[in-house]
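Here is a short note for a colleague opening this structure for the first time. Please read the points in order with the model on screen.

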Amino acid sequence: LTNQPSGRKNLVTNGAMQVAQRSASVTGIGAAAGYFTLDRWRLTQSTSAGRLTMTQTADGPSGLANCLKLDCTTADTNIAAAENLVLQQKFEGQELQQIKKGTSDAELITVSFYVKANAVFTFGCELFDQDNTRQITKLFATTTDWVKHSITFPADTSGAYDDDNANSFDLNFWLHAGATWAGGTLNTAAWASSTNANRAAGVSSFYSSTNNNFFITGVQMEIGSQATNFEHRSFGEELALCQRYFQKLAHMPGICISATNIVAAGPYPVECRAKPTVGQTGVLN
(Lines give C-alpha, C1' and ligand atoms only; values in the text may rest on other atoms or scores of the structure.)
Protein backbone atom coordinates (compact mmCIF):
# COMPACT_ATOMS: atom_id res chain seq x y z
CA LEU A 1 0.00 0.00 0.00
CA THR A 2 2.97 2.34 0.38
CA ASN A 3 3.12 2.84 -3.39
CA GLN A 4 -0.56 3.70 -3.81
CA PRO A 5 -1.39 7.30 -4.79
CA SER A 6 -2.66 9.49 -1.97
CA GLY A 7 -4.87 12.54 -2.09
CA ARG A 8 -6.55 13.79 -5.25
CA LYS A 9 -4.97 12.14 -8.27
CA ASN A 10 -7.16 13.22 -11.18
CA LEU A 11 -6.10 16.64 -12.47
CA VAL A 12 -9.10 16.79 -14.82
CA THR A 13 -12.27 18.54 -13.64
CA ASN A 14 -15.66 17.08 -14.60
CA GLY A 15 -14.07 14.01 -16.18
CA ALA A 16 -17.23 12.00 -15.48
CA MET A 17 -19.29 14.58 -17.40
CA GLN A 18 -21.61 15.22 -14.46
CA VAL A 19 -21.85 19.01 -14.42
CA ALA A 20 -23.55 20.99 -17.21
CA GLN A 21 -24.51 24.38 -15.77
CA ARG A 22 -24.97 26.12 -19.14
CA SER A 23 -27.11 23.53 -20.93
CA ALA A 24 -27.46 19.79 -21.43
CA SER A 25 -27.58 20.18 -25.22
CA VAL A 26 -26.67 22.86 -27.76
CA THR A 27 -27.16 22.65 -31.53
CA GLY A 28 -25.48 24.42 -34.43
CA ILE A 29 -22.00 24.58 -32.85
CA GLY A 30 -19.08 25.18 -35.18
CA ALA A 31 -18.87 28.85 -36.06
CA ALA A 32 -16.88 29.84 -32.97
CA ALA A 33 -14.97 28.35 -30.08
CA GLY A 34 -16.35 28.28 -26.56
CA TYR A 35 -17.90 26.44 -23.63
CA PHE A 36 -21.37 25.23 -24.59
CA THR A 37 -22.63 22.39 -22.40
CA LEU A 38 -20.47 20.39 -20.00
CA ASP A 39 -18.41 22.52 -17.64
CA ARG A 40 -14.67 22.85 -18.28
CA TRP A 41 -14.95 21.14 -21.71
CA ARG A 42 -14.23 23.67 -24.44
CA LEU A 43 -14.61 23.21 -28.18
CA THR A 44 -12.00 24.97 -30.30
CA GLN A 45 -12.73 25.17 -34.01
CA SER A 46 -11.52 27.21 -36.93
CA THR A 47 -12.90 28.03 -40.40
CA SER A 48 -14.76 24.75 -40.98
CA ALA A 49 -18.26 24.68 -42.48
CA GLY A 50 -18.99 21.64 -40.33
CA ARG A 51 -21.56 21.91 -37.56
CA LEU A 52 -22.42 19.70 -34.60
CA THR A 53 -24.65 19.19 -31.60
CA MET A 54 -22.98 18.83 -28.20
CA THR A 55 -24.89 16.96 -25.51
CA GLN A 56 -24.59 15.61 -22.00
CA THR A 57 -25.89 12.07 -22.56
CA ALA A 58 -26.82 9.34 -20.05
CA ASP A 59 -25.02 6.63 -22.01
CA GLY A 60 -21.75 6.04 -20.19
CA PRO A 61 -19.97 2.72 -19.67
CA SER A 62 -20.41 0.73 -16.45
CA GLY A 63 -19.76 2.95 -13.43
CA LEU A 64 -20.01 6.21 -15.38
CA ALA A 65 -23.59 7.34 -15.91
CA ASN A 66 -22.92 10.30 -18.21
CA CYS A 67 -20.83 11.10 -21.24
CA LEU A 68 -20.17 13.96 -23.62
CA LYS A 69 -21.63 13.35 -27.08
CA LEU A 70 -20.78 15.19 -30.30
CA ASP A 71 -23.09 14.61 -33.26
CA CYS A 72 -22.14 15.90 -36.73
CA THR A 73 -25.12 17.74 -38.24
CA THR A 74 -23.37 19.42 -41.19
CA ALA A 75 -20.51 17.64 -42.93
CA ASP A 76 -17.36 19.30 -44.31
CA THR A 77 -15.38 17.06 -46.66
CA ASN A 78 -13.50 19.90 -48.39
CA ILE A 79 -10.96 20.46 -45.61
CA ALA A 80 -9.15 23.79 -45.84
CA ALA A 81 -5.64 24.01 -44.43
CA ALA A 82 -6.47 25.99 -41.29
CA GLU A 83 -9.49 23.93 -40.21
CA ASN A 84 -9.57 22.19 -36.85
CA LEU A 85 -11.90 20.79 -34.22
CA VAL A 86 -10.47 20.21 -30.75
CA LEU A 87 -12.16 19.19 -27.50
CA GLN A 88 -10.02 20.56 -24.70
CA GLN A 89 -9.63 21.30 -21.04
CA LYS A 90 -7.41 24.16 -19.86
CA PHE A 91 -5.37 24.17 -16.63
CA GLU A 92 -3.87 26.80 -14.37
CA GLY A 93 -0.13 26.60 -13.81
CA GLN A 94 -0.52 26.56 -10.03
CA GLU A 95 -2.54 23.34 -10.34
CA LEU A 96 0.33 21.52 -12.08
CA GLN A 97 3.39 22.10 -9.91
CA GLN A 98 3.42 18.45 -8.76
CA ILE A 99 4.33 17.41 -12.33
CA LYS A 100 7.75 19.06 -11.73
CA LYS A 101 7.99 19.96 -15.39
CA GLY A 102 11.23 21.65 -16.39
CA THR A 103 13.26 19.90 -13.67
CA SER A 104 15.35 16.75 -13.59
CA ASP A 105 12.60 15.19 -11.43
CA ALA A 106 9.84 15.76 -14.02
CA GLU A 107 7.05 13.18 -13.85
CA LEU A 108 5.43 11.00 -16.49
CA ILE A 109 1.78 11.78 -17.18
CA THR A 110 -0.89 9.18 -17.95
CA VAL A 111 -4.19 10.12 -19.55
CA SER A 112 -7.03 7.59 -19.54
CA PHE A 113 -10.55 7.87 -20.94
CA TYR A 114 -13.45 5.90 -22.43
CA VAL A 115 -14.52 6.60 -26.02
CA LYS A 116 -16.83 5.21 -28.68
CA ALA A 117 -18.15 6.41 -32.03
CA ASN A 118 -20.36 5.31 -34.90
CA ALA A 119 -17.35 3.82 -36.74
CA VAL A 120 -13.59 3.34 -36.56
CA PHE A 121 -11.76 6.69 -36.39
CA THR A 122 -8.25 7.72 -35.48
CA PHE A 123 -8.10 10.78 -33.24
CA GLY A 124 -5.31 12.45 -31.30
CA CYS A 125 -4.67 13.12 -27.62
CA GLU A 126 -2.30 16.04 -27.15
CA LEU A 127 -0.60 17.63 -24.16
CA PHE A 128 0.22 21.27 -24.90
CA ASP A 129 2.44 23.47 -22.72
CA GLN A 130 1.16 27.02 -23.15
CA ASP A 131 3.91 28.62 -21.08
CA ASN A 132 6.76 27.23 -23.19
CA THR A 133 4.96 26.35 -26.47
CA ARG A 134 5.86 22.67 -26.27
CA GLN A 135 3.69 19.66 -27.08
CA ILE A 136 3.36 15.94 -27.72
CA THR A 137 0.50 13.96 -29.35
CA LYS A 138 -0.44 10.29 -29.41
CA LEU A 139 -3.17 8.70 -31.54
CA PHE A 140 -6.04 6.48 -30.40
CA ALA A 141 -8.76 4.60 -32.26
CA THR A 142 -12.51 4.40 -31.71
CA THR A 143 -14.92 1.53 -32.23
CA THR A 144 -18.69 1.32 -31.90
CA ASP A 145 -18.32 0.02 -28.33
CA TRP A 146 -16.91 1.74 -25.27
CA VAL A 147 -13.14 1.25 -25.13
CA LYS A 148 -10.85 2.49 -22.37
CA HIS A 149 -7.61 4.03 -23.59
CA SER A 150 -4.58 4.66 -21.37
CA ILE A 151 -1.82 6.79 -22.84
CA THR A 152 1.43 7.53 -21.00
CA PHE A 153 3.41 10.60 -22.00
CA PRO A 154 7.11 11.01 -21.19
CA ALA A 155 8.41 13.50 -18.65
CA ASP A 156 9.57 16.89 -19.91
CA THR A 157 12.66 18.34 -18.24
CA SER A 158 12.43 21.55 -20.30
CA GLY A 159 10.26 24.51 -19.39
CA ALA A 160 8.50 24.80 -16.03
CA TYR A 161 4.87 25.83 -15.65
CA ASP A 162 4.25 29.29 -14.19
CA ASP A 163 2.96 29.14 -10.62
CA ASP A 164 -0.11 31.32 -11.15
CA ASN A 165 -3.77 31.21 -12.16
CA ALA A 166 -3.14 31.75 -15.88
CA ASN A 167 -3.58 29.07 -18.55
CA SER A 168 -0.36 27.01 -18.57
CA PHE A 169 -1.46 23.73 -20.11
CA ASP A 170 -4.11 22.20 -22.39
CA LEU A 171 -5.34 18.64 -22.69
CA ASN A 172 -6.53 18.41 -26.31
CA PHE A 173 -8.51 15.80 -28.21
CA TRP A 174 -8.02 16.43 -31.95
CA LEU A 175 -11.09 15.40 -33.98
CA HIS A 176 -10.56 17.23 -37.30
CA ALA A 177 -7.55 19.01 -38.81
CA GLY A 178 -6.42 20.59 -42.07
CA ALA A 179 -2.89 20.63 -43.44
CA THR A 180 -1.81 23.51 -41.21
CA TRP A 181 -2.16 21.14 -38.25
CA ALA A 182 -1.80 17.73 -39.90
CA GLY A 183 0.53 18.24 -42.86
CA GLY A 184 3.72 17.17 -41.11
CA THR A 185 4.91 14.23 -39.01
CA LEU A 186 3.14 13.56 -35.74
CA ASN A 187 5.29 14.35 -32.72
CA THR A 188 4.85 11.25 -30.55
CA ALA A 189 8.18 10.26 -29.02
CA ALA A 190 9.13 13.21 -26.82
CA TRP A 191 8.08 16.72 -25.90
CA ALA A 192 9.27 19.27 -28.46
CA SER A 193 8.85 22.90 -29.42
CA SER A 194 5.48 23.09 -31.13
CA THR A 195 5.32 22.87 -34.91
CA ASN A 196 1.71 23.27 -35.98
CA ALA A 197 1.91 20.76 -38.84
CA ASN A 198 3.10 18.04 -36.45
CA ARG A 199 0.33 18.38 -33.89
CA ALA A 200 -2.48 16.33 -35.53
CA ALA A 201 -0.97 14.38 -38.44
CA GLY A 202 -2.95 11.20 -39.12
CA VAL A 203 -6.16 12.32 -37.44
CA SER A 204 -9.49 11.35 -39.01
CA SER A 205 -12.22 13.90 -39.72
CA PHE A 206 -15.22 14.00 -37.42
CA TYR A 207 -16.92 16.17 -40.05
CA SER A 208 -16.62 13.55 -42.83
CA SER A 209 -20.32 12.58 -42.59
CA THR A 210 -23.53 13.56 -40.83
CA ASN A 211 -23.63 9.94 -39.61
CA ASN A 212 -20.68 10.64 -37.34
CA ASN A 213 -20.83 10.84 -33.59
CA PHE A 214 -18.25 10.75 -30.81
CA PHE A 215 -18.69 9.90 -27.13
CA ILE A 216 -16.18 10.41 -24.30
CA THR A 217 -16.22 10.09 -20.51
CA GLY A 218 -14.12 8.96 -17.56
CA VAL A 219 -11.29 11.31 -18.49
CA GLN A 220 -8.43 11.17 -15.99
CA MET A 221 -4.96 12.73 -16.07
CA GLU A 222 -2.56 11.65 -13.37
CA ILE A 223 1.10 11.46 -12.51
CA GLY A 224 2.86 8.17 -13.21
CA SER A 225 3.25 5.46 -15.81
CA GLN A 226 0.00 3.58 -15.15
CA ALA A 227 -3.67 4.46 -15.32
CA THR A 228 -5.41 3.79 -12.04
CA ASN A 229 -9.15 3.40 -11.48
CA PHE A 230 -11.17 6.50 -12.23
CA GLU A 231 -11.38 8.85 -9.26
CA HIS A 232 -15.05 9.45 -8.52
CA ARG A 233 -15.86 12.66 -6.70
CA SER A 234 -19.22 13.70 -5.26
CA PHE A 235 -21.43 15.86 -7.47
CA GLY A 236 -21.17 18.70 -4.96
CA GLU A 237 -17.38 18.63 -5.01
CA GLU A 238 -17.25 18.49 -8.81
CA LEU A 239 -19.73 21.36 -9.07
CA ALA A 240 -17.62 23.52 -6.74
CA LEU A 241 -14.51 22.85 -8.83
CA CYS A 242 -16.41 23.92 -11.94
CA GLN A 243 -17.80 27.05 -10.26
CA ARG A 244 -14.31 28.47 -9.97
CA TYR A 245 -14.65 29.14 -13.72
CA PHE A 246 -18.40 29.52 -14.28
CA GLN A 247 -21.36 30.08 -11.96
CA LYS A 248 -25.00 30.15 -12.92
CA LEU A 249 -27.13 31.95 -10.33
CA ALA A 250 -30.87 31.41 -10.21
CA HIS A 251 -31.47 35.02 -9.16
CA MET A 252 -29.55 38.17 -8.28
CA PRO A 253 -31.52 40.98 -6.60
CA GLY A 254 -30.84 44.51 -7.79
CA ILE A 255 -32.29 47.73 -9.16
CA CYS A 256 -32.46 49.27 -12.62
CA ILE A 257 -30.71 52.65 -12.67
CA SER A 258 -31.41 53.29 -16.36
CA ALA A 259 -32.92 51.60 -19.40
CA THR A 260 -29.67 49.68 -19.97
CA ASN A 261 -27.94 49.49 -16.57
CA ILE A 262 -28.58 47.46 -13.44
CA VAL A 263 -26.93 47.49 -10.05
CA ALA A 264 -27.16 44.02 -8.50
CA ALA A 265 -25.53 42.03 -5.73
CA GLY A 266 -25.42 38.31 -5.20
CA PRO A 267 -23.31 35.73 -3.37
CA TYR A 268 -20.66 33.72 -5.18
CA PRO A 269 -20.73 30.16 -3.82
CA VAL A 270 -17.07 29.71 -4.87
CA GLU A 271 -14.34 32.31 -5.32
CA CYS A 272 -13.78 32.88 -9.05
CA ARG A 273 -10.43 32.30 -10.71
CA ALA A 274 -10.42 35.88 -11.98
CA LYS A 275 -12.69 38.91 -12.17
CA PRO A 276 -15.86 37.57 -13.84
CA THR A 277 -17.87 38.92 -16.72
CA VAL A 278 -21.63 38.75 -16.21
CA GLY A 279 -24.27 37.63 -18.65
CA GLN A 280 -28.04 37.50 -18.30
CA THR A 281 -30.52 34.93 -19.58
CA GLY A 282 -34.29 35.02 -19.29
CA VAL A 283 -36.50 37.99 -18.49
CA LEU A 284 -35.61 40.76 -16.09
CA ASN A 285 -38.47 41.31 -13.62
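1. Some ground rules come first. Two strands count as paired if DSSP finds at least two bridges between them. Strands are DSSP runs (E, at least two residues), numbered from the N terminus. The model is predicted: local features need pLDDT of at least 70, side-chain atom pairs count only at pLDDT 80 or more, and totals for chains, interfaces and linings use all residues. Residues are numbered from 1 along each chain as its sequence is written, and side-chain values use heavy atoms, with hydrogens and water left out.

2. Start with the six-stranded sheet. It is open, and its order is β1-β4-β5-β13-β7-β10, with antiparallel pairing. Its edge strands are β1 (25-29) and β10 (147-153), each pairing on one side only. From one strand to the next, the twist averages 25° (axes are lines fitted to C-alpha atoms, and angles run from 0 to 180 degrees between N-to-C directions). Within this sheet, β7 (residues 109-117) and β13 (residues 213-223) run antiparallel and are joined by eight bridges. Thr110 has Glu222 in β13 as its bridge partner.

3. There is also an open sheet of seven strands. Its order is β2-β3-β6-β11-β8-β9-β12, and the pairing is antiparallel. The edges are β2 (34-35) and β12 (192-193), and each pairs on one side only. Six bridges hold β8 (residues 122-129) to β11 (residues 167-177), again antiparallel. Opposite Leu127 stands Leu171 in β11.

4. Which residues does Thr57 contact beyond its sequence neighbours? Thr57 sits in strand β4 (residues 51-57). It counts as buried because its relative accessibility is 18%. The cut-offs are these: buried is under 20% relative accessible area, exposed is over 50%, and partly exposed is in between (1.4 Å probe, protein chains only). Leaving aside residues within four places in sequence, Thr57 is in contact with Ala65, Asn66, Cys67 and Lys69. Contact here means heavy atoms within 4.5 Å.

5. Arg51 is in strand β4 too. At 24% relative accessibility, Arg51 counts as partly exposed. Arg51 and Ile29 are 22 residues apart in sequence, but 5.4 Å apart in space, C-alpha to C-alpha. Beyond four places in sequence, Arg51 touches residues including Asp71, Cys72, Thr73 and Tyr207. Its side chain also reaches the backbone oxygen of Ser48 at 3.1 Å. That is a polar contact: a pair of N or O atoms within 3.5 Å, where within protein one must be able to donate a hydrogen and the other to accept it, and residues adjacent in sequence count only if both atoms are side-chain atoms.

6. Gln45 lies in strand β3 (residues 42-46). Is Gln45 buried or exposed? At 8% relative accessibility, Gln45 is buried. A polar atom of its side chain lies 2.5 Å from the backbone oxygen of Ala32. Among the residues Gln45 touches, not counting those up to four places away in sequence, are Phe36, Asn84, Leu85 and Tyr207.

7. Now the aromatic pairs. Rings of Phe, Tyr and Trp (its six-membered ring) pair if their centres lie within 6.5 Å; planes under 30 degrees apart count as stacked, over 60 as edge-to-face and the rest as tilted. The count comes to eleven aromatic pairs. Phe91 and Phe169 are edge-to-face, at 5.4 Å centre to centre and 65° between the planes. Phe91 lies in β6 (residues 84-92) and Phe169 in β11, so the pair ties together parts 78 residues apart in sequence. Phe91 is buried at 6%, and Phe169 is buried at 0%. The rings of Trp174 and Trp181 have centres 5.7 Å apart and planes at 45°, so that pair is tilted. Trp174 and Trp181 are buried. Ring pairs also link Phe113, Phe121, Phe123, Phe140, Phe173 and Phe214 into a cluster.

8. Arg40 is in the loop between β2 and β3. It is buried, at 7% relative accessibility. Its phi is positive, about 75°, although Arg40 is not a glycine. The charged end of Arg40 sits over the ring of Tyr245, 3.7 Å from its centre. The rule asks for NZ of Lys or CZ of Arg within 6 Å of the ring centre and within 35 degrees of the ring normal. Lys101 lies over the face of Trp191, at 5.2 Å from the ring centre. Lys100, in the loop between β6 and β7, has a positive phi of about 60° without being a glycine.

Definitions and conventions: Helix = DSSP H or I, 4+ residues; strand = E, 2+ residues; numbered from the N terminus.
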